[in-house]
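Here is a short report on selected features of one protein model. Keep the sequence and the structure at hand as you read.

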Amino acid sequence: MSGFIKGVNRFQSTLFPESLNDFVNAENTVRVIDVFIEALDLADLGFTGVITKSTGRPKYHPAVMLKLYLYGYLNRVQSSRRLEIEANRNIELMWLLERLAPDFKTIADFRKNNAKGIKHVCRTFVELCRQLNMFDEGEIAIDGSKFKASNNKDNNYTPKKMAFHIERVEKHISNYLEKLDRADEEQHSPQTVKATQDTINNLKQKLAELKTLEKEVKDHPEKQISTTDPDSRLMKTQGMTRVVSYNIQSAVDTKHHLIVAHEVTNTTDRGQLCPTAILAQHALKRKNLTVIADKGYFSGKYIKDTQDAGMTPLVPKGDTSGSDKKGIINRLKFKYDKEMDVFICPNNKVLTPGKTMTKNGDMYQINYRARLKTCRACSLRSKCTKGANPRKLTRWEHQDCIDKMDKLMKQRPDLMLIRKQTVEHPFGTIKCWMGMTHLLTRRFKNVRTEMNLHVLAYNFKRMLSIMGNQGLINAIKATI
């Protein structure tokens, strides 16, 4: 092999062994991880095992385990078994952990038993970013993304699925009963008859189990049960595909794309606008935030709640009236006159408010109708309503809040592009780091811990890109 660069002989002894520090250059990320974790007061953050006992076997210090996890999530190694392997062969981890190599059970137990501490570390890093003026514009984008749960779709049951399974088992029982009748007539062997009878008994037992589960599904508030991870839910994803998953909500800063706040839910986006925005308020310690979200978050009640909390929500409304399908004039063609408190129809006829108000959930809506005589004489009546009564419109009692928001949105036509560029980037990055697979943990508590580690790693990586390794080390030393 002459003419090539030669390596060192594996069996050659050295008089002066190289130190671990020689293998880790000054710009290596592990040096930043080490500085950050060492600067934290882990006992104050809620980690267990910081204070040691005078008796018994010594434990690994929480700082060692936290360094291992942060390194793992930064380098797409989230599994406790894979972290164990890396600790025994990865030179960077040998330097970071000072050649300690916990087993996978110890690694997994640390994540399970220190949910509170890991959550506070994630918040501490966001607070560090805040103190470094990373969120000075006060504008965030909110969105949710479905993360596949550790629960197979076959182990999720709905009333429709239960009816299908029960019908199929009952059909099998019926077929085997017919087979048993034929066996009597055709004088089959006792072994064949016994085998058929055993199969029928097994199917009847399965049917009883299914009917018990069916009752549980019907009695469940959400009419749905997941047997592997009870907190996960069957939800629609992109392309109307249904996946058993969690819906992770996040609030992302529009300037640097840092995740300000996040929450793990198992419901749709509707209703999550105000709760997620309030989490961002607490994280940033400021009230006057501008909150951008897509039309999936549109809900008059939660938009008003967000405004009442001191924020400025900007959420587009989708057209859900169904007027086009009915072949009638869309309600958007009717103009509201605030001074006169009336609607003006496309034919310049007036719809006046009625005396009654209808309740839609916890929102009161005012009914507006044209006079019967005026409506019947209108030339556009056939295009306006298909019923015998005049066209009716409703207006929410707090519609002024929505009108105010719509006026602000018209001044910023690029809002939805900003939202997309801001909040979808972190989700895509985290899912790529996960390997496009399911979550490793189950139940709300453990999934929240897993997402806290993902968010911490994502924000850590972003800050390294923004400030550089040495810049972030200096900031950590000066701030924490």
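## A positive patch

Start with Lys333, which sits in the loop between α12 (323-326) and β9 (335-337). The model is a predicted one. Lys333 has a relative accessible area of 52%. Residues over 50% count as exposed, so Lys333 is exposed.

Lys333 also belongs to a positive surface patch.

## Aromatic pairs

Now turn to the rings. Searching the whole structure gives twelve aromatic pairs. One of them joins Phe36 and Phe125. Their centres are 5.4 Å apart, and 90 degrees separate the planes. The arrangement is edge-to-face. Phe36 is part of helix α1 (residues 29-39), while Phe125 is part of helix α7 (residues 115-131). The pair therefore ties together parts that lie 89 residues apart in sequence.

## A tilted pair and a cluster

Next come Trp433 and Tyr458. Their ring centres are 6.5 Å apart and their planes meet at 50 degrees, so this pair is tilted. Trp433 lies in helix α16 (residues 415-434), and Tyr458 lies in helix α17 (residues 443-467). This pair thus ties together parts that are 25 residues apart in sequence. Both Trp433 and Tyr458 are buried.

Ring pairs can also join up into a group. Phe47, Tyr69, Tyr73 and Phe110 are linked in this way into a cluster.

## Positive phi in two loops

Finally, look at the backbone. Which phi value does Asn133 have? It is near 65 degrees, a positive value in a residue other than glycine. Asn133 is in the loop between α7 and β1 (139-148). Its relative accessibility is 54%, so Asn133 counts as exposed.

Lys223 has a positive phi too, near 55 degrees, and Lys223 is again a residue other than glycine. The loop between α9 (190-219) and β3 (225-226) holds Lys223. Is Lys223 exposed or partly exposed? Lys223 has 43% relative accessibility, so it counts as partly exposed. The cut-offs explain this: partly exposed residues fall between the buried limit of under 20% and the exposed limit of over 50%.

Methods. Residues numbered from 1 in each chain as written. Predicted model: local features only at pLDDT ≥ 70, side-chain atom pairs only at ≥ 80, totals over all residues. Heavy atoms only, no water. Patch = residues over 30% accessible without salt bridge, like charges linked within 9 Å, V, L, I, M, F, W, Y side chains within 5 Å. Areas by Shrake-Rupley, 256 points an atom, 1.4 Å probe, with all protein chains shown as cover. Salt bridge = Lys/Arg side-chain N within 4 Å of Asp/Glu carboxyl O. Lys, Arg positive; Asp, Glu negative; His and termini not counted. Charge placed at Lys NZ, Arg CZ, Asp CG, Glu CD. Helix = DSSP H or I, 4+ residues; strand = E, 2+ residues; numbered from the N terminus. Buried < 20%, exposed > 50% of the residue type's maximum accessible area, 1.4 Å probe, protein only. Phe/Tyr/Trp six-rings, centres within 6.5 Å; stacked < 30°, edge-to-face > 60°.
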